[in-house]
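Dear colleague,

Please find below the structure that I am handing over to you.

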Amino acid sequence: LVGSEMCIRDSFYTSGALKAFGQLQNDLKQGTWKYFYDNGVPNAVLQYNMNELSGEQYYYAPNGQLIAQEYWENDLLQDSARYYHPNGNLEKKGVYKDGLYVGRWVFNYENGKPRRIGMYEKGLPNGSWQFFHSNGNLNQSGILINGKEDGEWSYFDEDGEMTYQGNWRKGEKVGQWYFYRRGTKKKWKKF
């Protein structure tokens, strides 16, 4: 390349094991860089453009298992990302825009069942949300606005039976709340 200097750079642990290697262009990370744990297992495979993360990024646990897959542009998280539990099951997936959560995100328990599913706007929970018990049955559902409960929310026990229902306004309980026993709705508390 005219006017630029390219070289391969590597670094090592004090034990002599390879820590990282990749290309430098004018002393800036460029292209694929591979990072390793001191036992030689890959730690990460990262893509750079002039020292900024750019492109598909992969992160690994010390046992070599994939723990995260992200997409970066100009050193900011963008587009889709996936993260994994130690057992390999999906922990969460969603989309970033300018480093913030946007759109639909799904979070799972280690057993693979959903933990919560909801919408984000500019990094804050906004829209319909569902939370689940570890057995996969619905725990609660409602609307979050700027991360706070708003409107009607319903709550369920681990068997999926409704237990409570009531309204929220800006994260505070309001109005008449109800509880359910054996499918029968009864007044519980007024806020």
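Of the 191 residues of the protein chain, 34% count as buried, where buried means under 20% relative accessible area, exposed over 50% and partly exposed in between (1.4 Å probe, protein chains only). Please note that this is a predicted model, in which local features need pLDDT of at least 70 and side-chain atom pairs count only at pLDDT 80 or more, while totals for chains, interfaces and linings use all residues. Residues are numbered from 1 along each chain as its sequence is written, and side-chain values use heavy atoms, with hydrogens and water left out.

Overall form

The protein chain holds 18 strands and zero helices; both are DSSP runs numbered from the N terminus, helices being H or I of at least four residues and strands E of at least two. Its C-alpha trace spans about 75 × 35 × 20 Å along the principal axes. The radius of gyration is 23 Å, whereas a compact globule of 191 residues would have one near 16 Å (taken over C-alpha atoms; the globule rule is 2.2 Å times the number of residues to the power 0.38). Among contacts with a separation of 6 or more, 4% come from residues 24 or more positions apart, a contact being heavy atoms within 4.5 Å.

Gly-112 counts as partly exposed because its relative accessibility is 37%. Its C-alpha lies 9.4 Å from that of Gly-88, which is 24 residues away in sequence. In the next hairpin, that of strand 12 and strand 13, there are two residues between the strands, and Lys-122 has a positive phi near 50°.

Lys-170 sits in the loop between strand 16 (162-169) and strand 17. Although Lys-170 is not a glycine, its phi is positive, at about 50°. With 65% relative accessibility, Lys-170 counts as exposed.

Strand 17 (residues 172-181) pairs with strand 18 in the antiparallel sense over six bridges, and Arg-181 has Thr-184 in strand 18 as its bridge partner. Which residue takes a positive phi in the hairpin of strand 17 and strand 18? It is Arg-182, with a phi near 50°, in a hairpin that has two residues between the strands. Arg-182 is not a glycine, and it is exposed, with a relative accessible area of 81%.

Lys-185 belongs to strand 18 (residues 184-190) and is partly exposed, at 46% relative accessibility. Apart from its neighbours within four places in sequence, Lys-185 is in contact with Gln-165, Tyr-178, Phe-179 and Tyr-180. The C-alpha atoms of Lys-185 and Asp-38 are 60 Å apart, and 147 residues separate the two along the chain.

With kind regards

Technical notes. Two strands pair if DSSP finds at least two bridges between them.
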